[in-house]
Amino acid sequence: MNCRICSQKTVPFLKCLDFEFRKNPMYLVQCSSCNTILVDPIPEKNELAKYYENSYYHKPSFFFNFIQKRRKRFFSNMTPGKVLDVGCGTGNFLETMQQAEWTCSGTEFSTSSKPFLEPLRKKGISIQYGELKQLDFPQDSFDLVTFWHVIEHLQFPQQEIATAHKLIKKNGLLFIAIPNIDSLSFAFWKCNWFHLDLPRHLVLFSPKTITSLLEKNGFEVIRISHFAIEYNPYGVLQSIYNALGFEFNLLTQKIKAQKKNKTLSSKLQLGLVFLSLPLLLPISFLLAYIFSIIGRGDTISVWARKR
Ligand SMILES: [Zn+2]
């Protein structure tokens, strides 16, 4: 199978189990030309949908709301203008941007976010459902387009970035937050790395591969940050528990209140997880911080300017 970004040949990279049911093998390949890591083959559409049923688009937790509201700070040095958030989820980020005087638009692929997004429409935030390339936004009209942990879920990310380029004004900004396959966490923990999240994540970039994709599509990368407090320490923490042999993503399942019928073993393991948190949580923060200062963070935030 050829690369879904540049159509060149790919070579086998890694085989893991899926992150939800822990029974389906997932194959990662690497493009021999652009070096991007891809899930290949991608599960069938109906099969893939099953991986989104449990954990996504529930009423967001207090913690997740808090995270989304903090995202505004990334753009506090910009003069408010027009922002488009692609894959806006429940729309919290746009709500806070609107409070900071931005004119806000959002897209969402899944209509299951409608109960959260319809009230935002009444507040004057424009929402469209579907894939960006099929939607009807005016060209050269946005000062800022944001993708918060969206790109890695796409089958053909290049198309979405090319569309974003058309919609952004000259010298406008593109912002992308994604997992970093070049992270030390991936290097240490491989298939146990929390942010691998197979097969919800279909494509995994490094700072190099995302930079080259953006440059090919008419952007200049102006900054890459390796520390996101809402993602990186937690990624390290959950990866450590996975690597230690605890039930896979046990803490995450607990936080998302999934899998109600716990076995005795799960309950005992969860007890151990909570007992060890006072030790492992500070260690995870410290590691995430060290990884970020040497430029190998779990997730990266990329700012790029339209040329
Ligand atoms: Zn490629």
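What percentage of the 307 residues of the protein chain count as buried? The share is 42%, where a residue is buried if 20 or more other C-beta atoms, placed from the backbone, lie within 10 Å of its own, exposed if 12 or fewer do, and partly exposed in between.

1. Basis of the note. The model is predicted: local features need pLDDT of at least 70, side-chain atom pairs count only at pLDDT 80 or more, and totals for chains, interfaces and linings use all residues. Residues are numbered from 1 along each chain as its sequence is written.

2. Overall dimensions. For 307 residues, a compact globule would have a radius of gyration near 19 Å, and the protein chain agrees because its own value is 19 Å. This radius is taken over C-alpha atoms, and the globule rule is 2.2 Å times the number of residues to the power 0.38. The C-alpha trace spans about 55 × 45 × 40 Å along its principal axes. Of the contacts with a separation of 6 or more, 71% join residues 24 or more positions apart; two residues are in contact if their C-beta atoms, placed from the backbone, lie within 7 Å.

3. Secondary structure. Ten helices and eleven strands are present in the protein chain. These are DSSP runs numbered from the N terminus, with helices (H or I) of at least four residues and strands (E) of at least two.

4. Domains. Domain 1 comprises 62-188 + 202-228 + 298-306, and domain 2 comprises 234-289; the bounds come from an automatic or database domain assignment. Their C-alpha centres lie 29 Å apart. Contact between them involves four residues of domain 1 and five residues of domain 2. On the domain 1 side, the touching residues are one nonpolar, two polar and one charged. Here Ala, Val, Leu, Ile, Met, Phe, Trp, Tyr, Cys and Pro count as nonpolar, Asp, Glu, Lys and Arg as charged, and the others, Gly among them, as polar.

5. Nonpolar core. The largest nonpolar core has 72 residues, and Leu38, Val145, Leu174 and Ile176 have the most contacts inside it. Such a core is a set of buried Ala, Val, Leu, Ile, Met, Phe, Trp, Tyr and Cys residues joined through C-beta atoms within 7 Å. Strand S8 (residues 168-179) gives the most to this core, with six residues. Because domain 1 and domain 2 both give residues to this core, it lies between them. Leaving aside residues up to four places away in sequence, Leu174 touches Val145, Ala164, Ile168, Phe219, Ala304 and Lys306.

6. Parallel pairing around S7. In strand S7 (residues 142-148), six of the seven residues are buried. Two strands pair if DSSP finds at least two bridges between them. S7 pairs in the parallel sense with strand S4 (residues 82-86) over four bridges, and Leu84 stands opposite Val145. The parallel pairing of S7 with S8 has six bridges, with Leu144 opposite Leu173.

7. Antiparallel sheet. Four strands form an open sheet in the order S1-S2-S3-S9, with antiparallel pairing. Its edge strands, S1 (10-17) and S9 (203-204), each pair on one side only. Within the sheet, strand S2 (residues 25-31) is joined to strand S3 (residues 37-39) by three bridges; Leu28 has Val39 as its bridge partner in S3.

8. Helix H7. The buried residues of helix H7 (residues 207-216) are Pro207, Thr209, Ile210, Leu213 and Leu214. Their cover includes helix H5 (157-167), S8, strand S10 (219-225) and strand S11 (299-306). After H7 comes Gly218, with a positive phi near 85°.
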